[in-house]
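Subject: Structure handover

Hi,

Here is the structure for you to look through. My notes on what I found follow below it.

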Amino acid sequence: MKKKVWGILFGLVVLLNVVAWKSSSFCNFYVRHIFPVLGGAYARVTSVFPFSVGEGMIVAGVLLTAALPVALLLRLLVKKLWTRRLLSVLGQTFSWVFLAVFALLTCNCFIQYHVTEFEEKFMEQVRSSGYTKEELAALRDFVVVNANSLAGQMPRDAEGYLLYEGDLHQTAVAAMECMGERYDQLRGFYPQPKEMRFSNLISQTYMMGYYFPFSMEANYNKTMYVVNKPSTICHELAHLKGFIQEDEASLIGYLACVDSEDDFFRYSGYMGVLNYVEKEFLDSIQKDAKEYAKHPAISAQVYTDSVFLTKEAWQEVEKKALVSTQTAKKVSRAATTASLKLNGVEEGMKAYDGVVKLLLDYYDGVLYGDMLMTVDVDGQ
């Protein structure tokens, strides 16, 4: 009977995935009307715990997976009734846990990959043609000038490192609630963001934050440099509202920060997209030094602040590392790329760079207009 129930439930979850791949209308309806109720209720439960429930689930999953081969070996060596029962209980537990995780990933993650794109839902006009080099330069210069201006206003310690003296979590939630006034999908309950306990290990993968769909939590790397935290937290909170695409979550995180009344959050917003915009700009001018010199230079202070971890933090991470950072980074990148492509994001890790296109769309008619259209950014 239990196997039959498991099979029926597994089949329903598979069917749900098939429907999601086939119908964006279904996904839009789900994210608009069902996900806020189910996901919000679940998030309220996990938010009661002061620690990351998602991390605890991962640890429990690893231990359960490791226990299975041990129980199997024990059964082969000890032909007793209790070893058979132990193996049976572990096997059944694993199968039900697998089904639960699959269902939660489907409801809180997989379906969201197939909704209508942000531009189509929330932007009145989106160009069908590309953007010019001049328009990309205008965006890049806007980000650089604002970052340069804010860098000199930030509180710092004796070594020159940035300090944040406010309530990071409350300010982030307030910024996202303000975004809900602009985009209705962002309205509703936000759980408190949570630091990752295993932040040192996470740092080796160069991961700033993680949305745990099986616990509906927004987690962030507590070890990373503080300038990265506001934009990362807002990015992860955007995932909780069904914006699962990385570029869309990055745009929302950026807007939440730069529209905040908190100068540190504004600085974090510009810094969070600076490297993406700068890279695209350099590619568009083919790294021509003379052309680059015509534009505002990134200040030395901004360059100093544009780091993932401080030197001291990296030293602490490497000292406690169980595996090499190079290995951890490769494994994490491969897993992320595989996950993205499994959900139909063919560009894989390049999806993170897509925030530049969204920023170009967002600022169209604000920083530039059609009169500047001459050559596409990609050179076509």
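This is a predicted model: local features need pLDDT of at least 70, side-chain atom pairs count only at pLDDT 80 or more; totals for chains, interfaces and linings use all residues.

Start at Lys287, in the loop between H11 and helix H12 (289-292). Phi of Lys287 is near 55°, a positive value in a residue other than glycine. Is Lys287 buried or exposed? Lys287 counts as exposed, because its relative accessibility is 58% and the cut-off for exposed is over 50%.

Met216 also has a positive phi, about 50°, and is not a glycine. Met216 sits in the loop between strand E2 (209-212) and E3. Its relative accessible area is 1%, so Met216 is buried. The cut-off there is under 20%.

Overall picture

The chain has 380 residues, and 46% of them are buried. Its secondary structure comes to 16 helices and 3 strands. The chain exposes about 19,700 Å². Carbon and sulfur atoms supply 61% of that area. Take the contacts between residues at least 6 apart in sequence: 75% of them join residues at least 24 apart.

How many of the residues of H9 are buried? The count is 11 of the 11, so H9 is largely enclosed by the rest of the structure. The buried residues of H9 include Lys229, His235, Glu236 and His239. Ile233, Leu237 and Ala238 are also among them. These buried residues pack against helix H7 (168-182), E2, E3, helix H10 (246-258) and H11.

Two helix pairs in this region are worth a look.

Helix H9 (residues 229-239) and helix H11 (residues 263-284) pack at an angle of about 75°. Their axes are 7 Å apart. H9 is therefore roughly perpendicular to H11. From H9, the contact uses Pro230, Ser231 and Cys234. From H11, it uses Phe264, Phe265, Ser268, Gly269 and Gly272. By class, the residues of this contact divide into 4 nonpolar, 4 polar and no charged.

Ala175, Met176, Met179 and Arg182 in H7 meet Ile252, Leu255 and Ala256 in H10. This contact of H7 with H10 has 6 nonpolar, no polar and 1 charged residues.

Salt bridges

The structure holds 14 salt bridges.

Lys194 and Glu217: their side chains meet in a salt bridge at 2.6 Å, N to O. The pair links distant parts of the chain. Lys194 is in strand E1 (residues 194-195), while Glu217 is in strand E3 (residues 217-220). They are 23 residues apart. Both Lys194 and Glu217 are buried.

Glu316 and Lys319: the closest N and O atoms of this salt bridge are 3.5 Å apart. Both residues lie in helix H14 (residues 311-320). They are 3 residues apart, about one turn of the helix. Are the two partners buried or exposed? Glu316 is partly exposed, with a relative accessible area of 31%. Lys319 is exposed, with a relative accessible area of 64%.

Arg127 and Glu135: which residues share salt-bridge partners with this pair in one network? Salt bridges that share partners join Arg127, Glu135 and Asp364. The side chains of Glu135 and Arg127 meet at 2.7 Å, N to O. Glu135 counts as buried, because its relative accessibility is 0%. Arg127 counts as buried too, at 11% relative accessibility.

Where to look when you open the file

Begin with H9, since 11 of its 11 residues are buried. Then go to the contact of H9 with H11, where Phe264 and Phe265 are among the H11 residues. Then view the network of Arg127, Glu135 and Asp364.

Best wishes

How values were computed: Residues are numbered from 1 along each chain as its sequence is written. Side-chain values use heavy atoms; hydrogens and water are left out. Helices (H or I, at least four residues) and strands (E, at least two) are DSSP runs, numbered from the N terminus. Buried means under 20% relative accessible area, exposed over 50%, partly exposed in between (1.4 Å probe, protein chains only). Contact means heavy atoms within 4.5 Å. Accessible areas come from the Shrake-Rupley method with a 1.4 Å probe; for residues, only the protein chains shown count as cover. A salt bridge is a side-chain nitrogen of Lys or Arg within 4 Å of a carboxyl oxygen of Asp or Glu. Axes are lines fitted to C-alpha atoms, for helices over the stretch in contact, and angles run from 0 to 180 degrees between N-to-C directions. Angles under 35 degrees count as roughly parallel, over 145 as roughly antiparallel, 65 to 115 as roughly perpendicular and the rest as oblique. Ala, Val, Leu, Ile, Met, Phe, Trp, Tyr, Cys and Pro count as nonpolar, Asp, Glu, Lys and Arg as charged, and the others, Gly among them, as polar.
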